Amino acid sequence: MTRPPAVRDVFSAIGHPRRRAIMSALATGNRAVSELVLTVGGSQPTVSEHLAQLRKVGLVTYAKRGRERVYCLEMAPLHDITDWLSSLETFWDDRFERLGYTIQTLQQEEDT
């Protein structure tokens, strides 16, 4: 089962641990780049580069506040991942149900 292109892009963006840390920091509230540097570590250019990747797939937006950019987490692109995972959940639920039935049948045969 392949992922739709939008989901692949979001997966790629969240694949890096520092980008996930940035998203976690933004989940608690909007933050300026300088605040994110202090929170997640790394240099300002590195954090800005990660923010650019997240912005590219729509996971963050920003607003100018004076000379700073204040970033905000956007959840909509994560819904594509949730939808894709839900389709896998149906697949695995069916498999586990069959496995449970097989195990139960084998146990009954073993008891007789």
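**Entry 1: after helix H4**

Glycine 58 takes a positive phi of about 85°. I note here that this is a predicted model, and I read every value below as computed from it.

**Entry 2: helix H4**

Next I went back into the helix itself. H4 covers residues 44-56, which makes 13 residues. From its first C-alpha to its last it reaches 18 Å. That is close to the 18 Å expected at 1.5 Å a residue.

Which residues of H4 are buried? I list Val47, His50, Leu51 and Leu54. I then looked down the axis of H4: these buried residues fall within an arc of 100°, so they line one face of the helix.

**Entry 3: the strands**

I moved on to the strand pairs. E2 (residues 60-65) is joined to E3 by 6 bridges, and the two run antiparallel. E2 and E3 form a hairpin, with 2 residues between them. Glycine 66 sits in that turn and has a positive phi of about 65°.

E1 (residues 31-32) is also paired with E3 (residues 68-73). I count 2 bridges for this pair, again antiparallel.

Which residue in E3 is the bridge partner of tyrosine 62? I found tyrosine 71.

**Entry 4: the whole protein**

The secondary structure comes to 5 helices and 3 strands. Along the sequence I read the pattern α-α-β-α-α-β-β-α. The radius of gyration is 21 Å, well over the 13 Å that the globule rule gives for 112 residues, so the protein is more spread out than a compact globule.

How much of the protein counts as buried? I noted 25% of the 112 residues. The protein exposes about 7,700 Å², and carbon and sulfur atoms supply 53% of that area.

Last, I looked up contacts between residues at least 6 apart in sequence. Of these, 53% join residues at least 24 apart.

How values were computed
Residues are numbered from 1 along each chain as its sequence is written. This is a predicted model: local features need pLDDT of at least 70, side-chain atom pairs count only at pLDDT 80 or more; totals for chains, interfaces and linings use all residues. Side-chain values use heavy atoms; hydrogens and water are left out. Helices (H or I, at least four residues) and strands (E, at least two) are DSSP runs, numbered from the N terminus. The expected span of a helix is 1.5 Å times one less than its number of residues. Buried means under 20% relative accessible area, exposed over 50%, partly exposed in between (1.4 Å probe, protein chains only). The arc is that of the directions from the helix axis to the C-beta atoms. Two strands pair if DSSP finds at least two bridges between them. The radius of gyration is taken over C-alpha atoms; the globule rule is 2.2 Å times the number of residues to the power 0.38. Contact means heavy atoms within 4.5 Å. Accessible areas come from the Shrake-Rupley method with a 1.4 Å probe; for residues, only the protein chains shown count as cover.
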